[in-house]
Amino acid sequence: MNIVEIQHNFNGQPVKRSSTVGIVIHHSDTDFDAGAATIHQWHLARYDVINGQKVYWKGIGYNYVIRMDGMIETGRPIDTIGSHAGPTANGKTIGVCLSGNFEKFEPTDEQYQALAELVQYIRGTYGDIPVSGHRDWMQTDCPGSNFDFDRLNAMLVGQWEGEEQMDAVKIVVNGYPIDGHIYRDQSFAPVRQIVEMMGGSVTWDEASRTVVVQNYNGPVRVVVKGKEVPGVLSNGKSFGAIRELATALGANVRWDDANKTVFVE
Ligand SMILES: [Zn+2]
């Protein structure tokens with residue numbers, strides 16, 4: 001984790017918090033990668049009206065800003081009251097702002113990674129305090145509909161396995177086209193469909209989890225005639241690596257690069 005200490009000239013001394021019960025996540029609501037120094041300038045110009053008097057903010061309202069490249073920058077000192085989620089939350093939470101507009105696009109992988117590390121770091125000092133969004137405290141969309149709390153929570157308990165894109169590929173079996181995927185540079189075909197098309201059958205062995213079909217994407221064991229072939233689950237379907245699958249079934253595989261098509265004959 002990389003925390004860059006930014007020296008802000010505050011308009012008055014930030015006040016220490018007496019309790020810390022949570023971490024509040026924000027987005028900067030900007031299309032560009034706003035840094036802590038820039039946000040500090042914006043927030044110096046903001047004020048609340050208290051008893052008819054303008055009371056200007058002391059400066060940046062967040063305790064941390066996470067840039068799009070995952071760099072963490074300091075805002076108000078970690079143990080001081082911020083201006084980020086209204087009077088109820090400000091006095092007892094730590095505000096973390098991720099640069100970007102997550103109504104329009106998603107946080108970067110680097111931002112999620114830095115945020116997970118920052119949360120662990122804060123919890124090292126303040127205990128296992130919960131993480132919430134600005135919208136949990138006030139009427140706002142912040143931190144945006146593309147901010148994925150499930151992903152953050154999975155990362156925090158070490159259960160995030162990442163997203164991997166699977167591109168579609170055409171597979172033609174004995175002249176009949178079926179839909180497959182390219183995953184990690186291998187073509188995968190739906191196991192049951194291709195095996196049945198080639199005169200075989202698929203059995204489902206619960207005990208050994210030989211072929212699994214469920215709403216889960218990821219690696220799966222596929223065994224064809226006693227030979228294990230690389231397999232993957234996508235949207236509840238098992239896919240076996242087409243070359244290994246066809247070879248195990250005694251067929252030939254030909255890749256037509258021009259048409260991005262696998263022929264099984
Ligand atoms: Zn916010």
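Asn51 is exposed, because 5 other C-beta atoms lie within 10 Å of its own; a residue counts as exposed at 12 or fewer such atoms, as buried at 20 or more, and as partly exposed in between, with C-beta atoms placed from the backbone. Asn51 sits in the loop between β3 (47-50) and β4 (53-56), and its phi is positive, about 50 degrees, although it is not a glycine. The structure is a predicted model, in which local features need pLDDT of at least 70, side-chain atom pairs count only at pLDDT 80 or more, and totals for chains, interfaces and linings use all residues. Residues are numbered from 1 along each chain as its sequence is written.

**Confidence and overall make-up**

- The mean pLDDT of the chain, the predictor's confidence in each residue from 0 to 100, is 85, and 84% of the residues reach 70 or more.
- Over residues 212-217 the pLDDT falls below 50, and beyond near neighbours in sequence this stretch has 11 contacts in the model, a contact being two residues whose C-beta atoms, placed from the backbone, lie within 7 Å.
- The chain has six helices and 16 strands, which are DSSP runs numbered from the N terminus, helices being H or I of at least four residues and strands E of at least two.
- Of the 265 residues of the chain, 33% count as buried, and residues 24 or more positions apart account for 59% of the contacts with a separation of 6 or more.

- An open sheet of six strands runs in the order β1-β6-β5-β7-β2-β8 with mixed pairing, where two strands pair if DSSP finds at least two bridges between them.
- The edge strands are β1 (3-4) and β8, each of which pairs on one side only; β8 pairs with β2 in the parallel sense over three bridges.
- Val24 is found in strand β2, and its bridge partner in β8 is Ser132.
- Val24 is buried, because 29 other C-beta atoms lie within 10 Å; leaving out residues up to four places away in sequence, it touches His84, Ala85, Ala89, Thr93, Gly95, Ser132, His134 and Trp137.
- One of these, Gly95, is 71 residues from Val24 in sequence but 4.9 Å away in space, C-alpha to C-alpha.

**Helix α3 against the sheet**

- Helix α3 (residues 109-126) has 18 residues and reaches 26 Å from its first C-alpha to its last, close to the 26 Å expected, the expected span being 1.5 Å times one less than the number of residues.
- α3 lies across β2, β5, β6, β7 and β8, and runs at about 165 degrees to β7; axes here are lines fitted to C-alpha atoms, for helices over the stretch in contact, and angles run from 0 to 180 degrees between N-to-C directions.
- The buried residues of α3 are Gln111, Tyr112, Ala114, Leu115, Ala116, Val119 and Ile122, and what covers them includes β7 (93-98) and α4 (149-156).
- Gly127 follows α3 and has a positive phi, near 85 degrees.

**Nonpolar cores**

- In the largest nonpolar core, which has 28 residues, Ile23, Ile39, Tyr62, Val65, Ile66, Val96 and Leu115 touch the most other members; such a core is a set of buried Ala, Val, Leu, Ile, Met, Phe, Trp, Tyr and Cys residues joined through C-beta atoms within 7 Å.
- At least two residues of this core come from each of β2, α1 (36-44), β5, β7 and α3, and α3 gives the most, with six residues.
- Leu115, leaving aside neighbours within four places in sequence, is in contact with Ile66, Val96, Leu98 and Leu152.

**Backbone exceptions and a hairpin**

- Most residues other than glycine have a negative phi, and most peptide bonds are trans.
- Asp29, in the loop between β2 and α1, has a positive phi of about 60 degrees although it is not a glycine; it is partly exposed, because 18 other C-beta atoms lie within 10 Å.
- A cis peptide bond with omega of about 10 degrees joins Cys142 and Pro143, and Pro143 is found in the loop between β8 and α4.
- Strands β15 (residues 253-256) and β16 (residues 261-264) pair in the antiparallel sense over four bridges, and Arg254 has Phe263 in β16 as its bridge partner.
- The hairpin of β15 and β16 has four residues between the strands, and Lys260 in this hairpin takes a positive phi near 50 degrees.
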